[in-house]
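Dear colleague,

Please find below the structure that I am handing over to you.

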Amino acid sequence: MRHYRITDSIHVYFDCLVEGDDKRKREELSKQKMLREIFGEDVRLAYGENGSPYLFDRQEYISISHSKDYLCIAVSKFEPVGVDVEQVQQRIDKLKSKFMTNDELQQLTHPSLQNLTVCWSAKEAVYKIAGNMAGAYGERITLCMDDIEESRFAAMIGIQNQYLARVLERNDEYVIVLATRNRTVYESINYKRFAGRKILTVLLDPEKIPLTDLPSLAIKMNEGGIDFVFVGGSSGSALLDTFVDELKRYVPEIPVVLFPGNLTQITHKADALLFLSVISGRNPEMLIGRQVAAAKILDEEQIDIIPMGYILVDGGRKSAVERASGTMAIPQTNVEEIVSTAVAGKLLGMQLIYLEAGSGALSPVSPLLVQQVKSRINVPLIVGGGICSVEQMHSAFAAGADMVVVGNHFEQHPEDIVLFGKAREN
């Protein structure tokens with residue numbers, strides 16, 4: 001059985017059907033065999049009114065596809081997925097006008113039999129998620145033909161409900177395509193927190209991390225199931241474009257988010273940008289001045305912009321953020337001021353609130369402070385700075401943090417990325 005790990009919560013399994021003469025019986029026996037291998041026990045498979053499969057008495061989402069002698073099963077912990085395996089055969093070419101629009105056919109630069117099969121399989125996979133929204137026969141599904149030969153491309157229904165199609169395997173015999181919902185980074189943050197996911201993020205500073213370290217870091221981040229990677233620092237970096245480009249090569253399934261310290265830390269190659277305002281200080285440049293300067297640049301960039309209220313609290317030593325921003329950290333004992341600042345950020349329309357003790361802080365944000373802030377805001381709460389143990393991460397989550405960010409500790413101890421990632425749910 002072949003296993004494709006898409007993320008830590010989405011897995012796809014592929015195998016040939018068991019031997020036999022009765023195809024329907026072979027399919028049923030193969031499904032039960034594969035499910036037993038996936039879950040380590042017998043599971044009950046049931047079907048909804050629309051024919052979609054689901055697991056009886058289990059929380060995971062499942063999608064099943066078979067074609068000729070092939071069987072594919074996708075399992076997702078948090079969200080619906082659709083998978084499709086298709087045999088590459090001549091009839092796909094004869095049917096192309098049935099499942100593709102004239103516009104799609106005109107835009108398909110290389111209408112090879114394999115590419116047409118990928119298109120067919122992608123629409124089948126999306127249909128398994130979208131159901132009736134895709135039309136009775138999936139006729140409302142539109143594929144992005146510009147990058148159909150890439151491993152990932154977009155699919156849409158109307159102008160909303162975007163999906164992502166991933167080609168897991170393509171050869172002269174068959175293709176395998178997985179479809180998932182293509183959320184923005186902010187939607188993904190909210191989705192994960194509402195699903196009860198403890199969100200762990202790694203912060204990388206391009207000035208401190210050599211490009212040669214990215215492959216090994218990526219292995220650890222993938223193994224640890226890291227949710228997001230923040231990229232940035234307190235000073236500029238001429239290497240940012242190259243750094244983000246290389247990083248995304250090694251962690252294609254982990255969104256890369258810019259955490260800029262100044263105007264030089266902007267690149268369209270990232271998935272999103274934190275448009276932060278240092279609301280804990282009174283320096284007008286950090287409250288609105290630099291944001292105005294960045295507005296023209298960002299307005300022309302095709303990147304997801306997330307407004308964020310940044311609150312710097314005292315972590316026991318003067319941080320690089322204090323020096324760069326010209327602001328003072330708020331003492332953690334001044335709970336009322338910190339809570340009121342967070343509430344003000346929420347009322348100003350900030351989509352995220354970040355409690356930061358500063359890079360290399362001697363003490364992280366206290367659980368009591370996290371708890372007090374969380375009790376007064378309904379937007380995602382991020383906590384970072386000075387977290388250097390699993391126990392401190394657990395304390396932040398238990399107090400109400402939706403996301404914990406670790407940077408300095410992982411720079412010094414990259415091996416802990418896997419440890420933190422696997423320990424967060426315990």
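**Findings**

Lys-68 counts as partly exposed, at 42% relative accessibility (buried means under 20% relative accessible area, exposed over 50% and partly exposed in between, with a 1.4 Å probe and protein chains only). The model is a predicted one, in which local features need pLDDT of at least 70 and side-chain atom pairs count only at pLDDT 80 or more, while totals for chains, interfaces and linings use all residues. Residues are numbered from 1 along each chain as its sequence is written, and side-chain values use heavy atoms, with hydrogens and water left out.

Two residues with positive phi

Lys-68 lies in the loop between S5 and strand S6 (70-76); helices (H or I, at least four residues) and strands (E, at least two) are DSSP runs, numbered from the N terminus. The phi of Lys-68 is near 55°, a positive value in a residue other than glycine. Most residues other than glycine have a negative phi. Asp-57 also has a positive phi, near 65°. Asp-57 sits in the loop between strand S4 (53-55) and strand S5 (61-67), and is exposed, with a relative accessible area of 69%.

Helix H4 (residues 113-130) has 18 residues and reaches 26 Å from its first C-alpha to its last. This is close to the 26 Å expected at 1.5 Å a residue, where the expected span is 1.5 Å times one less than the number of residues. Because 13 of its 18 residues are buried, H4 is largely enclosed by the rest of the structure.

Ala-165 belongs to strand S10 (residues 160-170) and counts as buried, at 0% relative accessibility. Leaving aside neighbours within four places in sequence, Ala-165 is in contact with residues including Ala-122, Phe-153 and Val-177 (contact means heavy atoms within 4.5 Å). The C-alpha atoms of Ala-165 and Gly-407, 242 residues apart along the chain, are separated by 32 Å.

Two helix pairs

Two packed helices are described by the angle between their axes and the distance between the axes. The axes of helix H6 (residues 214-223) and helix H7 (residues 240-250) come within 9 Å and cross at roughly 45°. Axes are lines fitted to C-alpha atoms, for helices over the stretch in contact, and angles run from 0 to 180 degrees between N-to-C directions. H6 and H7 are therefore oblique to each other (angles under 35 degrees count as roughly parallel, over 145 as roughly antiparallel, 65 to 115 as roughly perpendicular and the rest as oblique). Leu-214, Pro-215, Ala-218, Met-221 and Asn-222 of H6 make the contact with Phe-243, Glu-246, Leu-247 and Tyr-250 of H7.

The axes of helix H11 (residues 367-374) and helix H12 (residues 390-399) come within 8 Å and cross at roughly 25°, which makes H11 roughly parallel to H12. Their contact is made by Pro-367, Val-370, Gln-371 and Lys-374 of H11 and by Ser-395, Ala-396 and Ala-399 of H12.

The buried residues of H12 are Val-390, Met-393, Ala-396, Phe-397 and Ala-399. Their cover includes H11, strand S12 (199-204), strand S18 (381-384), strand S19 (403-406) and helix H14 (416-423). Just after H12, Gly-400 takes a positive phi of about 125°.

Yours sincerely
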